[in-house]
Amino acid sequence: MLRGSTVGLRARHEEDIPILRAELYDDVINASRAESGPWRPVPPGSKDPRLVADDEEQRHVRFSVVELDGGTLVGTATLWGIDDHNRSAHIGLGLLPSSRGKGYGTDVVAALCHYGFVVRGLQRLQIETLSDNTAMLRAAERNGFVREGVLRSSAWVLGEFLDEVLLGLLAQDWKRDPQG
Ligand SMILES: CC(C)(COP(=O)(O)OP(=O)(O)OC[C@H]1O[C@@H](n2cnc3c(N)ncnc32)[C@H](O)[C@@H]1OP(=O)(O)O)[C@@H](O)C(=O)NCCC(=O)NCCS
């Protein structure tokens with residue numbers, strides 16, 4: 001398990017799946033804002049790759065996020081689009097509603113940076129998020145990500161086009177401890 005200061009990133013377990021489906025992917029607003037595609041209901045038993053980690057898929061690594069104290073599931077984290085030639089990847093995360101705003105997101109980004117830069121030897125990590133997602137922007141910036149641009153009207157979200165912000169962090173600029 002990858003350890004942050006309050007949360008850990010471990011493999012996806014079978015018992016995580018119904019919780020993640022109910023609290024993240026059945027929620028039309030959350031899913032529409034967090035995914036770059038239309039919301040669709042996820043049937044029971046689905047092998048949806050957001051829920052069921054595919055060991056054969058080398059470009060994406062999916063984690064479940066748990067509290068270090070007690071092991072309660074609090075969300076998901078992903079290193080995706082891993083490019084071994086350019087040594088880059090994207091990061092993504094989603095916390096259960098009751099686990100947001102407690103500092104876990106900042107800690108998850110730190111753990112994903114450790115995984116990307118130290119475990120995988122990557123040179124660049126990237127995040128795309130909606131420009132009104134203050135919590136995601138702050139969690140990224142706390143870990144040293146810088147805003148590199150705005151993708152104007154790039155996301156169709158529930159009836160309107162929204163801007164996305166592109167953030168990047170290079171290995172040499174990464175400071176292991178998020179700014180307190
Ligand atoms: C985005 C998300 C991962 C952030 O994680 P979090 O644990 O809620 O965020 P943190 O508690 O670490 O807070 C990070 C910063 O955002 C601020 N913040 C938290 N929630 C906020 C909110 N609702 N509105 C404004 N600011 C907020 C915190 O005060 C903190 O600011 P600081 O660094 O200046 O002190 C989480 O809220 C989430 O899963 N949201 C839904 C899914 C999502 O948006 N995923 C990202 C898709 S790209």
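**Reading the model**

Q: How do you know what share of the protein chain is buried?
A: Of its 180 residues, 30% count as buried. A residue is buried if 20 or more other C-beta atoms, placed from the backbone, lie within 10 Å of its own, exposed if 12 or fewer, and partly exposed in between. This is a predicted model, in which local features need pLDDT of at least 70, side-chain atom pairs count only at pLDDT 80 or more, and totals for chains, interfaces and linings use all residues. Residues are numbered from 1 along each chain as its sequence is written.

Q: What makes A139 buried or exposed?
A: A139 has 24 C-beta neighbours inside 10 Å, and the cut-off for buried is 20 or more, so A139 counts as buried. A139 is found in helix α4.

Q: What makes L158 buried or exposed?
A: L158 has 11 C-beta neighbours inside 10 Å and therefore counts as exposed. L158 lies in the loop between β7 and β8. Its phi is positive, about 50 degrees, although L158 is not a glycine.

Q: How many helices and strands does the protein chain have?
A: There are four helices and eight strands. Helices (H or I, at least four residues) and strands (E, at least two) are DSSP runs, numbered from the N terminus. Along the sequence their pattern is β-β-α-α-β-β-β-α-β-α-β-β.

Q: Why is the protein chain called as compact as a globular protein of its length?
A: The radius of gyration, taken over C-alpha atoms, is compared with the globule rule, 2.2 Å times the number of residues to the power 0.38. The radius is 16 Å and the rule gives 16 Å for 180 residues, so the chain is as compact as a globular protein of that length.

Q: What makes a set of residues a nonpolar core?
A: The set holds buried Ala, Val, Leu, Ile, Met, Phe, Trp, Tyr and Cys residues joined through C-beta atoms within 7 Å. The largest such core here has 31 residues, and I91, V108, V109 and L112 have the most contacts inside it. The largest share of this core, nine residues, comes from α3. In soluble globular proteins, nonpolar side chains tend to be buried together.

Q: How do you know which residues A139 touches?
A: Two residues are in contact if their C-beta atoms, placed from the backbone, lie within 7 Å. Not counting residues up to four places away in sequence, A139 touches G105, T106 and V109. A139 and V109 are 30 residues apart in sequence, and their C-alpha atoms are 6.9 Å apart.

Q: Which residues are closest to the ligand?
A: A residue is near a molecule if its C-beta atom, placed from the backbone, lies within 6 Å of it. The ligand is surrounded by 21 residues, and the closest are L95, R100, G105, A135 and R138. The largest share of this shell, six residues, comes from α4.
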